[in-house]
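Please read the following report alongside the sequence and the coordinates.

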Amino acid sequence: MNKIQNMSKGIPRPLVKTNQAFIVISVILTWLTGQHWILALPLFTGLLGLLCGYNPIIKLAAKFLTKERSHYVLEDWSQQQFNQTIAVFCLIGGLISFTAGWTIAAYIFTALVAVAATVAILGFCIGCFIHYQWRMYNYRRKQSSTH
């Protein structure tokens with residue numbers, strides 16, 4: 001995909017942060033209320049985003065953007081898909097663990113996703129760091145196999 005196509009697939013940062021906040025709020029509400037089904041909400045929206053390219057939270061939040069899309073810092077679509085994959089994995093792990101009565105595992109999975117989303121809202125993307133490290137590992141491995 002060329003650079004122009006990637007830019008058109010960029011996601012305005014406020015929309016990414018809204019999605020992250022939705023995840024954090026859902027996890028906190030789950031912890032406070034003990035209603036584990038709440039985790040199904042960000043899980044469902046995350047799965048829709050990954051499988052269909054349609055995240056209802058991002059679509060809803062887009063209606064509240066006050067400027068043209070191009071006037072926002074755009075987050076890389078493929079990077080956000082990677083991050084969403086990690087979030088969905090943790091949400092699935094949390095929901096299954098709560099349902100199975102594996103309380104410690106449930107809190108670990110949900111804490112991981114809540115901390116990662118909170119830190120991302122504050123400016124450091126753990127998923128981006130992991131993705132970069134993974135790509136560098138693969139690059140180095142490929143380079144060493146060709147020499």
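## A residue and its surroundings

A contact here means heavy atoms within 4.5 Å. Leaving aside neighbours within four places in sequence, Gln-80 is in contact with Ile-11, Val-16 and Glu-75. Gln-80 belongs to helix H5 (residues 77-100), and with a relative accessible area of 11% Gln-80 is buried (buried means under 20%, exposed over 50%, partly exposed in between, with a 1.4 Å probe and protein chains only).

## Basis of the model

This is a predicted model, in which local features need pLDDT of at least 70 and side-chain atom pairs count only at pLDDT 80 or more, while totals for chains, interfaces and linings use all residues. Residues are numbered from 1 along each chain as its sequence is written, and side-chain values use heavy atoms, with hydrogens and water left out.

## The chain as a whole

The protein chain holds 7 helices and 2 strands (DSSP runs numbered from the N terminus, helices being H or I of at least four residues and strands E of at least two), and from the N terminus on the elements run α-β-α-α-α-β-α-α-α. Of the 147 residues, 33% are buried.

## Aromatic rings

Trp-31 and Tyr-107 form a tilted aromatic pair, with 6.1 Å centre to centre and 40 degrees between the planes (rings of Phe, Tyr and Trp, the last by its six-membered ring, pair if their centres lie within 6.5 Å; planes under 30 degrees apart count as stacked, over 60 as edge-to-face and the rest as tilted). This pair links helix H2 (residues 13-33) with helix H6 (residues 103-122), its members being 76 residues apart. Trp-31, Phe-98 and Tyr-107 form one aromatic cluster.
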